[in-house]
Every structure is written in structure tokens, then in C-alpha cells.
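Here is a quick tour of how the side chains pack in this one. Have the viewer open while you read.

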Amino acid sequence: MATLLPEDKHSTSTLDEKLDVEKQPQVLPVAVADFDDPNLDKDAVLLEDDSPYPEVRSAVANTDDPEMPVNTLRAWTIGLVWAIIIPGMNQFFYFRYPSVTVGGIVAQLLSFPLGRLWARFMPRVKLFGVSLNPGPFTVKEHVLVTIMATVGYQSAYATDIIAVQRVYYNQIYNFGYQWMLVMSTQLIGFSIGGIARRFLVAPPSMIWPTNLVTCALFNTLHSQQYAGIGNRGGISREWFFTYAFLGSLCWYFFPGYIFQALGYFNWVCWIKPNNVVVNQLFGYYSGLGMSLITFDWSQIAYIGSPLASPWWATANVAVGFVFFFWILTPILYYTNTWYAKYMPISSRTSFDNTGASYDVNRILTPEATLDIKKYEAYSPLFLSTTFALSYGLSFASITATIVHTMLYFRKQIWVQARRSLSEQPDIHARLMSRYRQVPEWWYGIIFVVMFVFALVSIEAWHTQMPVWALVLALVVAFVYTVPIGMIQAITNQQIGLNVITELIIGYALPGRPIAMMMFKTWGYITMAQALQFTSDFKLCHYMKIPPRTMFSAQVIAAVIAGTVQLGVQAWMFTNIENMCDPAQKDGFICPNTEVFGTASIIWGVIGPQRQFSKGQIYYGLVFFFLLGAVAPVVTYLISLKWPNSLVKYVNFPVILSGIGYIPPASALNYVPWAIVGFIFNYVIRRRHFSWWTKYNYILSAGLDSGVAISAILIFFCLQYPQNGTIGENTLAKWWGNTVSVNTADANSAALLPIPDIGFFGPKTW
């Protein structure tokens, strides 16, 4: 029976009721990290009722309204609708080229007017005791909706396993296998993230910089006011965001469609388009990016917004990039190390000894295993210099992370292991202490159920993967979650485990490509999902969302999103003709599946022993493990001798892993990113701190939002219709869209031609 509700006068702002300091319990000492934290504002030691981190103060309110509605029918309805639509749409376009991804910021923006419309037009009645319209759409509801929309918006990593099994290995297993595989890989990380939250969420030093942009946008949309914004005059945050959003949306039509050379602004190459050395040094497609600039925010923020990353962390990445890619790479390339001169200096493709893309089909048996005779008759596998170096840096970052954590974070980890979640010396932790925490056994249930799903999926079907390999993959993920999470929470840089998991399983189970894909997924994605879970929990920590409500929303939305993605994928392979064929007429050529499948053959069939073992071409890269272990020890010893020197800002896991996005990223995504980070988070932050405090994160949100919406408009209005033929004979052919591609850079030119004997490299392998 429906009953009419009285008008709710409840405020939508968490800030309408300021904390009465006199009524608060005795304040604990200000939060100071148990390590030398470069993010800490040393001048803010007396801010007992706010964060000692200026980035946090500028984006997060230090107040809470525990009576504000959050766990409402409205929030769940909008959130679950997004959890169906966005993952399903992204999965559909995941297999298409060109593609588009509807990101989390799009859901965040679109949820706001939907919630407002619900509040205005939905009747204020109760059904079975649940209010259909609890009043104004609150910021806490908005956060919950956005979490549900984004927790599984990207294509689940395990769906690529299923696609590769079908396309490459002719293995088509039933929906039960597919569902258990996806659920276990997506959710088992949540249980690990729950255990790690005392190390990665509760401590105030774990600031999670990306979340600060999200918090600033939430507070701006809901007109929040709090002390951290400061008292600078000028236009409001709301109008600043509006101008930044509209400007970004309109501008992206130029580098994204009308004048694409503004994105790949390799202007030096336009002067000498056929000079290979000039194009290798200054190019953006296959060069080292010494042209320095781009006018495309999507390229600048490809590896994350430079406005969100602390400058000292950006500087570490920039130093690593300059040394390894502007100094070491040219030395290796122009001395012809690894036969590099016969290939482009930078490429995401693997090559054979004729300079062509490596054709894995020429070395396989009909059962998709390695045919040694065919391999010896064809070619070893070669990598471009930057690609090979990226493997070495991945090896180094793995050992550097463990050593750095033991040296710098051991005290922090020990303290947090003994401290309860309600004992954190931080205003936000004290505000969150009034909400009931998620019991540890909830995470235990998730882990046990998902582990059983994983066991069934590898044992009931032919997957080539033994149980001990599953356990080992989870151990790798568990060991690295806290160290990598701490580095990400402080620096905004995540260290990937994909390469090291491929290396481990390649040696442990050679010749088993399906097992290789599964091991990599459980080892790498489990950690990635754990960190996504803890990042979302930190967002709710900042926005004061009850933990139990948050946990339920994450798990339920993740289950729905994964199920929808599997359904969409199954429908596509059943109903779309020639799915994943390179000549598929509608563009469903499955580029990501091709990359995933090729990696399964390179690592699972050829194996790392034919790449990195002694006597092989890339054996020297193995010594990067030693480099990564030694480097943090050197800086640690120097910092003990000179504790106030600049050495305390040197972070070797960030230096070694920050450039780990290469490939598929390139210099185009690093050099302008570092320049913009220097301008805003060093120059402006030092000289115009009040402006930076009020507008920096809002500018980042506005630019990100505008590009996201503009990319969707360009795709659906100009690229997707008529099979992409709109403007192909007019706009696509004008100088601004061709000048950057009519270069040796865009053509991935090598320095030397193939020798007269018809191949390069060793004569036997």
C-alpha cells in the first residue's frame, strides 16, 4: 500500500552542518606518516581537524552529515541500470575498430541530472516501506551510483581468454565455465582488497591522487563548500567546471576529427618527412617524441591526468623517461644492439628476421603448440628497442618494489597491522568511525566461493592449468598488492604484474598457452581488482559512504557487469558474421583479442626460455632484476646520510614502472604529460597556491569530461554511421589530417634495409 510522504527538507550538502569542535572527543595528534612522505605539508602540523595534505584539503570536505540518504532505491536503481548499460556497450565496441569506451566520468556526469529528475518528478510515496523519492538527490547517492556504474565498466580481462580460446584454439566451452572464470578473476581480488584496506585506505598518507579529482567534481556538482577550498575570489568552481567542460568538448573536435595533426603534433618531422633519423628522434608514432608538444588532452592524459599526479612523482617518471628512452634507447639502437637498426626504434609489434610482423601461425602445429622444426626454419622473435627495454624495466620494477617497500614502508605496514581501522589519527577516519565496518568474514566468503569457482573452471574443463599454478598466481597477487598499492596511493603510478606473471608461467609450464593466459589473469588482474576495490573504498572514505553499503554495491554491480559482458560477447560471436576476421565488414576485427592471442603464443608457446635464457638474444634484460633490487638500497643509504637532500624524492619503483605503459603508449603520452604536470603542480602550485587549491582538480575533471563526451559524439555521429565513410574523400584528405602521417615516423621506418642475404640476426637459433 502506497503512503504519501511529507516534504523532506533535508539538505543535500554534507557541509551544511559544520563540526562543532568543542563537542568532538579529544582529537588525536595530527596524522603523520610512518615514513618520509614527500606529499606531506610540513607547515600544516597543527591542522588537527583537516588533512595535513594540501591536495586532500582542496578536494575533500572535513565534515560529514551521517543522516544524509545514501542507501536508497533511487541510487540502486540508477546504479544498476548503469551497471547493465555501460559494461554491455563497452563490451560490444571492445571488439570493434575504431572503438569507443564510455568511461566512469561519463557515468558520473550523466547520473547527476538523472538523480535530479527523479527527485523532481517521482511521487513521494513508500512501497513496502521503501521510499521511492527520499527528497533531493544527495552527493552520497551520487557517489554510490557512480561506483556501481564504474566498478565493471571495462571489458573483463577474462573475456579475452574466452575469445582467444574460441578464435585461436577452437575451444568453445559452455556459459557455466565462462561465468565462473569471469566471476573468479573479477571478484577474488575484492577479498584481497578488503584485507589490505587497513594498509591502503585508512592511513591518511594513502591519498590516492586520482580520487581527489573525482571528489572535487562531486563537491562541485553538489555545490559543496568547505575550508580546504580557501577564500580566493573569482568565478565559482561550478562555472569554472562548466567553462572547462564546454571548452574541452568543443576543442576535441579538432585534434579528434577535423585537424588530427594537432594530436600527433610531430612538427619537426613535417620539415624532414623522409629523414629517418630526424623522424626517429622527433616522431610520435614510432619515434622518441622530442617534438615535445601536443594539443590533444586525450593524448596528454592517456597515462593519467598530469594535474592529479604529485609533481615529485611526475618528475620521477620524467627522469626515468629521459634516461631510458632519450639517452639509453638511442645508444642501444644506433649501436645496433639486438639488431635494432633493422626495425623501427619504437613499435608495439614483434618482428621476424625479414623486418615483417612475426607470423605466429608459421610455427604452430595443428594443435596450436610449438613446432620446433617450423620455428627453426622460420625466425626468432625480435622486438623494437623501446619494447625490449620495457620488458627490462618491468623486471626491474618487480624487485625494486619489494626492496623499496621493505626499506621505506616496513614501519608503516607494521603499525597498520596492529592498529584498528577506528584508531587512525586522521579527521576522515574519525568521521568514518561512526559507521559499521565490513566484517572480515564477508571478505572470507567472497574468497572461498571465488576460489571454488576457479578450481571448477580449471579442473572440469581442459585448460592445461594445474591447481598449484592457480595457488601460485594468487600468492603473487597477494604478495604484491600492498607494496604496489602503497606506491600507487602515494604517487598515482601502478606497477603492472602482467610481464612477471607471463615470465613465471612461461618457465613453469612451457607450451601451455591457455594456462599462461589464466595464470596471468589470476596473478595480474587479481591484484589490479584488489587495488580498484581499495581505490573505490578510499573514495567512499573521503565522501563518507557507509562501508557495508559500499561493499554490497561493488560486489553486486561487479557480478551484474560481468554477466552482461559475457552475454553480449556470446551474442556477438553467435550473430555477427565473420567475427574477429581481419576483413569483417563492420569493423569487428577484435584488435585486443589479436594482441592477447599473440601474447599467449609468444609467452605460452614459444616461451621466455627462447627469449631471455642464457645465449638468447634478450638475455641481457634479465640483469634488470638485479638493477631493480640494488637501486633502492643506494638511495636509501644516501638518505640516511643526508636526510634532507633531494634524494628523499627519488622513488625507483616509480622511475622504473612509470614508463611501463610503453607500449602501447609512446613518447607522445609522456613528454607533454610531464610538461603540463610541471606547469600546474610545480609552477602554479608554488606561485599561485590559492588558485591551484580552488581550481586545479576541477580543471582536470572538466578537461577529462569534455574529451569523454566529445569522443562519444564524434564516434556515433561521424565515424560509426555509414561504416566510417563520412568525409573520407574531403575532410580526411586535407593537409591537417595527412601531414603527420605522410612521414617516416608514421610509416615506422627502420634505419637500415634488410641485408642482401634476405634476413638479419643469427643464422641459427
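The largest nonpolar core takes in 200 residues, and the members touching the most others are Phe-324, Tyr-391, Met-465, Leu-497, Trp-522 and Leu-621. A nonpolar core here is a set of buried Ala, Val, Leu, Ile, Met, Phe, Trp, Tyr and Cys residues joined through side-chain atoms within 4.5 Å; buried means under 20% relative accessible area, exposed over 50%, and partly exposed in between (1.4 Å probe, protein chains only). Helix α21 (residues 513–543) gives the most to this core, 18 residues. Helices are DSSP runs of H or I with at least four residues, strands are E runs of at least two, and both are numbered from the N terminus. Apart from this core lies another one of ten residues, including Phe-95, Phe-573 and Cys-580.

Keep in mind that this is a predicted model: local features need pLDDT of at least 70, side-chain atom pairs count only at pLDDT 80 or more, and totals for chains, interfaces and linings use all residues. Residues are numbered from 1 along each chain as its sequence is written, and side-chain values use heavy atoms, with hydrogens and water left out.

Back to Trp-522: leaving aside residues up to four places away in sequence, its contacts (heavy atoms within 4.5 Å) include Leu-181, Ile-458, Met-465 and Leu-474. Among the residues Leu-381 touches are Phe-351, Ile-602 and Gln-611. Leu-381 and Gln-611 are 230 residues apart in sequence, yet 7.7 Å apart C-alpha to C-alpha.

Now the rings. Rings of Phe, Tyr and Trp (its six-membered ring) pair if their centres lie within 6.5 Å; planes under 30 degrees apart count as stacked, over 60 as edge-to-face and the rest as tilted. That rule gives 60 aromatic pairs. Tyr-173 and Tyr-177 have ring centres 5.0 Å apart and planes at 90°, so they are edge-to-face, and both are buried.

As for cysteines, one disulfide (sulfur atoms within 2.5 Å) turns up in the whole structure. It joins Cys-580 to Cys-590, S to S 2.0 Å, and is left-handed, with -80° about the S-S bond. The sulfur of Cys-540 is 9.1 Å from the closest cysteine sulfur, in Cys-215, so too far for a bond.

| Cysteine | Relative accessibility | Class |
|---|---|---|
| Cys-580 | 13% | buried |
| Cys-590 | 1% | buried |
| Cys-540 | 2% | buried |
| Cys-717 | 47% | partly exposed |
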